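Reader: Could you walk me through the surroundings of the ligand in this one? I'd like a close look at just that part.

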Amino acid sequence: MTSDTTIDRDTGFPPPGEPRFDSIAAVRSGLAGVDYLADEGIAGIVYLADRLAKPVLVEGPAGTGKTELAKSVARMTGSRLIRLQCYEGLDESKALYEWNYKKQLLRIQADAGQSWEQLEEDIFAEEFLLARPLLEAIRSPDPVVLLVDEVDRVELETEALLLEVLSEYQVSIPELGTVRATRIPMVFLTSNNTRELSEALKRRCLYLHVDYPDLDRERAIISTRVPGISAELADQVARIVRSIRSMDLKKHPSVSETIDWARTLVVLGVESIGAEQARDTLNILLKYRTDIERASKELVGSDLGA
Ligand SMILES: Nc1ncnc2c1ncn2[C@@H]1O[C@H](COP(=O)(O)OP(=O)(O)OP(=O)(O)O)[C@@H](O)[C@H]1O
Ligand SMILES: [Mg+2]
């Protein structure tokens, strides 16, 4: 298991490796090449994360492209994406590794008559190890982007475990030894801010707040992600969504809902959104009845309804 890992004895830390990006502009255009439209702030943090070998903690409202950012960085760099989807109750055995007890039992039965020492050596070998995402990312011989998605859902103990892995980029398995990354992977942690993360974890990471895009960027995102949409319709969708986001609603439309709405309009053959089309399709954009009612009323009163 240690064959594809190196130990840098001087620092005890994996070597940083060659920089992945030449400039912030290169990150931005690389991401655009895989259909992710980043602003200067997003591209800047990705650039720094590589140079400083630090994880990025991405926070912001739902559906603003947090998860997609990590996926896109993986695509752009030709890396394997390894995802640890967080949930309440996620523990070491699902995040790091666990032993395959059933297989170990079978070996013990087959080995009946062996000495305990021999048995122990046999059953705590790599073939009985089930690597989970964190270990998988650390020991991967290929370049990796590690996505720890929705990290705010795990308990504090699991967060501490993450912190340990992300500070040392190594995993210690008592029966086998220490596995250290050959190269520090790029790491993205996303959070919807359902609870405050620990100061220690925040300190370890670069912080990126991803908010709703500005009008220009959202228009461009719509044009990129919705095949066959006209520039006029993309513009209109972006403007209406923007005005809906300024309303006092329970839940504002996300970028992904905006894209869904634009796709719906294209499928329905709408060329220009009038009050009627808006009213009939608002349920794609808004998910609360009170929000839909309020938005329809306000939209009809606006230019759109004219
Ligand atoms: N900057 C962007 N460029 C291109 N597409 C984008 C961008 N931002 C968001 N999208 C689109 O929005 C979709 C939703 O994004 P994503 O799933 O990453 O949101 P999220 O922030 O992780 O949401 P949640 O908090 O609900 O998990 C993406 O699949 C993509 O189609
Ligand atoms: Mg997400």
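Predicted model: local features only at pLDDT ≥ 70, side-chain atom pairs only at ≥ 80, totals over all residues.

Author: Ligand 1 takes up the space of the largest pocket. As for which parts of the fold build the shell, helix H3 (66-77), helix H10 (215-225) and helix H12 (255-267) are the elements that each give it two or more residues. Looking at domains instead, domain 1 (2-95 + 132-209) and domain 3 (215-305) each supply at least three residues of that shell.

Now for the residues themselves. There are 18 of them around ligand 1, and those that come nearest are Leu37, Gly63, Lys66, Thr67 and Glu68.

With Glu150 it's the side chain, where an N or O atom is 3.4 Å from a ligand oxygen. Arg225 also brings in its side chain, with an N or O atom 3.2 Å from a nitrogen atom of ligand 1. Taken on its own, ligand 1 has 640 Å² of accessible area, and the protein covers 83% of that.

Key
Residues numbered from 1 in each chain as written. Chains lettered and ligands numbered in written order. Heavy atoms only, no water. Near = heavy atom within 4 Å. Polar contact = N/O pair within 3.5 Å; in protein donor to acceptor, adjacent residues only side chain to side chain. Areas by Shrake-Rupley, 256 points an atom, 1.4 Å probe, with all protein chains shown as cover. 1 Å grid on protein atoms, 1.4 Å probe; cavity = no way out; pocket = protein on both sides within 12 Å on 5 of 7 lines; lining within 4 Å. Sits in = over half its atoms within 2 Å of the grid points. Helix = DSSP H or I, 4+ residues; strand = E, 2+ residues; numbered from the N terminus. Domains from an automatic or database assignment.
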